[in-house]
Structures are given as structure tokens and as C-alpha cells.
Amino acid sequence: MIRFLTKRTVTRLLLAIVAVCFIQSQSITAQQGTLTPNQQMARDIFKELIEINTTDSPAGNVTTAADAVAAHFRAAGFANDDIHVAGPQPNKHNLVVRFRGRGGSAKPILLLAHLDVVQALKQDWSNNLDPFKFNEINGFFYGRGTSDIKEGDTELIANLIRLKKEGWTPSRDFILALTADEESGESNGVQWLLKEHRDWIDAEYSINTDAGDFEMQKGKRLLLGVETSEKNYVDFALEAKSSGGHSSRPVKDNAIYRLAAALQRLSQFGFPVQLNETTRSFFAQTARLQDAKVAADFTAVAQPTPDPAAVTRLSQSAYYNALLRTTCVATLLQGGHAPNALPQTARANVNCRMLPTDSIANVQATLKKVVADDQVSVVVANESGAAPPSAINPAIMRQLESLSSKLYGGIPVVPIMDTGASDGKFLRLAGIPTYGVPGVFADIDDVRAHGRDERIGVKEFYDGVDFYYLFIKSLGGE
């Protein structure tokens, strides 16, 4: 049965809706009103960056973001000669800013993040949430780049501006580099800076917000993971050829079958375990954070000769498996040229993430042995060099341990190896040791970088901004 609403009823409903909206608005205003001026500045910068589309797409423009941030530094009193906005493409400019210290012989410290983000489509996000609009919902900031890595950009930008306004002078120069092309893997970002303007970013070492792990789970902070190395990226092309022919007269020599057999052998293969200073330290120091069985396995694999049974059990986890060894996996496949013809060529891309102690030559030779077919070629398709790990820096670790004690109850500070890739690789190749320190805690069970409904905790964001203020000051001599 349809019931018609009276004019009075409609008016009451509208008034109720307005009242609810007003209360919600007042609640948000009150919440924002509790922010310190520095937190408010960070929030404003974060919002501005999220709402600038910096994807590698026709709609994206990193230079717009670089120019916007440069304007903030100029307004804060940084000299024009200390601000550089430049790059090889008009829409992919990098930003480099120098914060002058007291001089002396110590080389600068480089603070690193990137401005570009991966593509995101509104129709892919929940309730058509616009990934390029800054949204605060139920204790989270939503938007593309909130966790990769515009929160890292903001930590550095807001604190350098704050420190400048406070009149702080560090013992040495700091350099901020916000790069333009980390996500696409092209050479318009830190690689271009190293090649064309090494003097702008040359440093004793770099602190990278786009690496490492400040881990928490269900609201509990677990550890401060400092990235000292990362796996090296290389693609191999596997290719099989055959003479082809009419599909009505099949023969045994089929390129697709030959390649499929080779990939099947690869799927059953595991590279040998190789622990380095970083990964051995990770397993040894985080054993006490695990339950009894996993803790025993962590301790067993951290020994000079890892226990094979413990290795087997831990390898069931994709993450632990990636920490223990070089990995290679098929990611792309193509074959044949017509539905009614025998294939003449079949190709597969095999993506390998090598341990820093491994080599391309060794991985290629291993793949050839695993493929075990001289008619399947294995050639390097894409690589940018294998970067060595950065030696653990005791001074940085001491500063982080002090901050952990002061801010987080003394949770462990642990060297880690990232299984992914960052701009830090190119700095290491150039002889600049690089350490990943994200500053913001992220839930290990809620990783949304590059994915749908990317978000970061509101509290975690502000805590990260406050952390980096203290961290930069400690590195600068206070």
C-alpha cells in the first residue's frame, strides 16, 4: 500500500536530515579543531597532493604536484637557488630542495620519496569513491597515494617547512628529493637526477620513506623495520619455436607444448636459501614476536646453517619464502598466430626478484638448467642492474631505538629486506647507502597500496608526521 506524506511530515523529515548533517559537520569541525597548527598544515598538504592526479596517464601530471610543493617552500622562506623543479619530460618534473645547515665537512643527508602514483579508476572503488579526492571516513584517509607514498612526501614536506619556520639549523645540509617516475620504472626520476644533476642530491646516505615497514596488527605496534636492501628486479623471456603448419595435421613438435613443459618444471623449482646480514638479523630479532612454533622456525633459519625442515615450513608463506631466496615466476604468456594453425612461436615472461647477493648470470644459468630444453631460449628481457645492500648504519639504528623507546614503548628496530623495488636501488648503485624508514605504521593484514580503496589510518598519519619531526632533528644533531 502506498502512503502519501503530508507537507508537515516532509518538512519534519527535511529538518531532521539538516540537523543530522549539521551535527556531522560540527563533529568533523570539532575533530579538525583539535589538530595542532603543524598537524593542520600536514593535513592540508596531504589533501592537496592526493587531489593532484600524478598517474602515468593522459590525466596525470607530476609537474603540477612538484610546482605546488615548490610554492610552499618558497612561501616558507627557502631561497630560489635551493629549489629545483626539473625533469626530461614536461609532465614529469622532480622536486629537489636543499635545507641549509651549519656547514662543515659532513656530506648532506638525502630525504627521498616519490610524487607519482599508480592508476586508479573510480568505478573500481567502493561506492564510486573518487580515488583522487581526499576523504576522511571512520578513522581513515582514503585516496590514491595515501599509503604509497604521498603520506611519505607529506611527512618530509611539512616537517622541513616547520623546522625552517622555527629557525632550526642542522649540523649539515638536508636535501629533499621527490621523484617523478618511480612507479612506471622509467628513467625520468632519480635515475635522471643522478645522471644529470648528481650535485643536487649527492649525500652521505639517504632516508627513503618508500621502503621499510613500521608494522602493526589489530592496532598493536610490532616493530620498526628499517630497509637496508631490496631484491633486484629482472625479467627473462622464455621462447620456443616450431615449424608450424595446419592445425588439422598436428605434430609432436609444438612450441606451446614445449614452453608449457618448461614452465611446469619452473613451477616446481625453488632457488636455494641464501640469508644475508639483513635477513638473518630479521629472523633472529623478530622470533620473539611470533608464536612458539614460528619462533622456533625463525631461530632455526637464522643459524649459520639454516634448518631444512624450518625452511620448508616457512616457505609455505609467500612473504617468508621471498625473504629466504631468489624467486622467479611466469607473469605473461603468448603463443600462436591463428586459431587454425600450429604455433610457430610461444613466449613467456618470467619475472625474477633476486637476492642482493645473487647475480643475473647465476639466475639465468639456473633457469636454463630448470627449463632443461635447448630449444627453449632464456634471455634477459629487462634489467637495471643489481644493487648491493646498504651496510647497517649503527648511528641511524641508535636514533631509531631511542625514538622507539620514547614513543612506542621500546618495540624492536629491525633491519629488513624489501621484496619489492624502490628508487633506493638506483641510489645504492650510485654509491649512496639508502635506508627505508616509512614513519607511518601500517596494518600487516590490510595492505592496500596500488589497490582498491587505498587508505591510511588518521592517527597513524599524524603520529608519522610527529615521528619524522623528531627523527630529522635527531639526524641533524639534536
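This is a predicted model: local features need pLDDT of at least 70, side-chain atom pairs count only at pLDDT 80 or more; totals for chains, interfaces and linings use all residues.
Figure 1. His450 belongs to the loop that runs between strand 18 (441-443) and strand 19 (455-457). Its phi is positive, about 70°, although His450 is not a glycine. Most residues other than glycine have a negative phi.

**Figure 2. Asn138, another residue with a positive phi.** Asn138 is not a glycine, and its phi is near 50°. The residue sits in the loop between strand 4 (135-137) and strand 5. Is Asn138 buried or exposed? Its relative accessible area is 75%, so Asn138 counts as exposed.

**Figure 3. The cis peptide bond between Asp148 and Ile149.** The bond that joins these two residues is cis, with omega at about 0°. Most peptide bonds are trans. Ile149 is part of the loop between strand 5 (140-142) and helix 4.

**Figure 4. The whole chain, for orientation.** The protein has 478 residues, and 50% of them are buried. Its secondary structure consists of 15 helices and 19 strands. Taken along the principal axes, the C-alpha atoms fill a box of roughly 80 × 80 × 55 Å. How much of the contact between residues at least 6 apart in sequence joins residues at least 24 apart? The share of such contacts is 78%.

Figure 5. Arg172 is found in the loop between helix 4 and strand 6 (174-179). With a relative accessibility of 14%, Arg172 counts as buried, because the limit for that class is under 20%. Apart from neighbours within four places in sequence, Arg172 is in contact with Gly101, Arg102, Ala106, Lys107, Pro108, Ile109, Glu204 and Tyr205. Along the chain, Arg172 and Gly477 are 305 residues apart, while their C-alpha atoms are 8.3 Å apart in space.

**Figure 6. Leu289 between two helices.** The loop between helix 8 (277-286) and helix 9 (292-301) holds Leu289. The relative accessible area of Leu289 is 32%, so this residue is partly exposed. Which residues does Leu289 touch, not counting those up to four places away in sequence? They are Leu222, Leu223 and Pro412. Ile472 is 183 residues from Leu289 along the chain, and 28 Å separates their C-alpha atoms.

**Figure 7. The contact of helix 13 with helix 15.** Two packed helices are described by the angle between their axes and the distance between the axes. Here the axes of helix 13 (residues 394-408) and helix 15 come within 10 Å and cross at roughly 145°. The crossing of these two helices is right-handed. By class, the residues in the contact of helix 13 with helix 15 are 8 nonpolar, 2 polar and 1 charged. Helix 13 takes part through Ile396, Gln399, Leu400, Leu403, Lys406, Leu407 and Tyr408. On helix 15, the residues they meet are Phe467, Leu470, Phe471 and Ser474.

**Figure 8. The largest cavity and its lining.** The count of cavities of 30 Å³ or more comes to 1. About 40 Å³ of space lies in the largest cavity. Which residues line the largest cavity? The lining is made up of Asn38, Gln39, Met41, Ala158, Asn159, Arg162, Val465 and Asp466. Helix 2 (37-50), helix 4 (150-165) and helix 15 (458-475) each supply at least two residues of this lining. By class, the lining residues of the largest cavity are 3 nonpolar, 3 polar and 2 charged.

**Figure 9. The second largest pocket.** This pocket has a volume of about 290 Å³. Its lining has 13 residues, and those nearest the centre of the pocket are Leu266, Ser267, Phe269, Gly270 and Cys328. Helix 7 (255-267) and strand 12 (327-335) each contribute at least two residues to the lining of the second largest pocket. Which element gives the most to this lining? Strand 12 does, with 4 residues. In the lining of the second largest pocket, 7 residues are nonpolar, 5 are polar and 1 is charged.

Notes
Residues are numbered from 1 along each chain as its sequence is written. Side-chain values use heavy atoms; hydrogens and water are left out. On a 1 Å grid over the protein atoms alone, a cavity is a set of points where a 1.4 Å probe fits but cannot get out, and a pocket is an open set with protein on both sides within 12 Å along at least five of seven lines; lining residues have an atom within 4 Å of a point. Grid points are joined across faces, edges and corners, and a volume is the space filled by probe spheres set on the points. Ala, Val, Leu, Ile, Met, Phe, Trp, Tyr, Cys and Pro count as nonpolar, Asp, Glu, Lys and Arg as charged, and the others, Gly among them, as polar. Buried means under 20% relative accessible area, exposed over 50%, partly exposed in between (1.4 Å probe, protein chains only). Contact means heavy atoms within 4.5 Å. Axes are lines fitted to C-alpha atoms, for helices over the stretch in contact, and angles run from 0 to 180 degrees between N-to-C directions. A crossing is left-handed if the near helix is turned anticlockwise from the far one by less than a right angle, and right-handed if clockwise.
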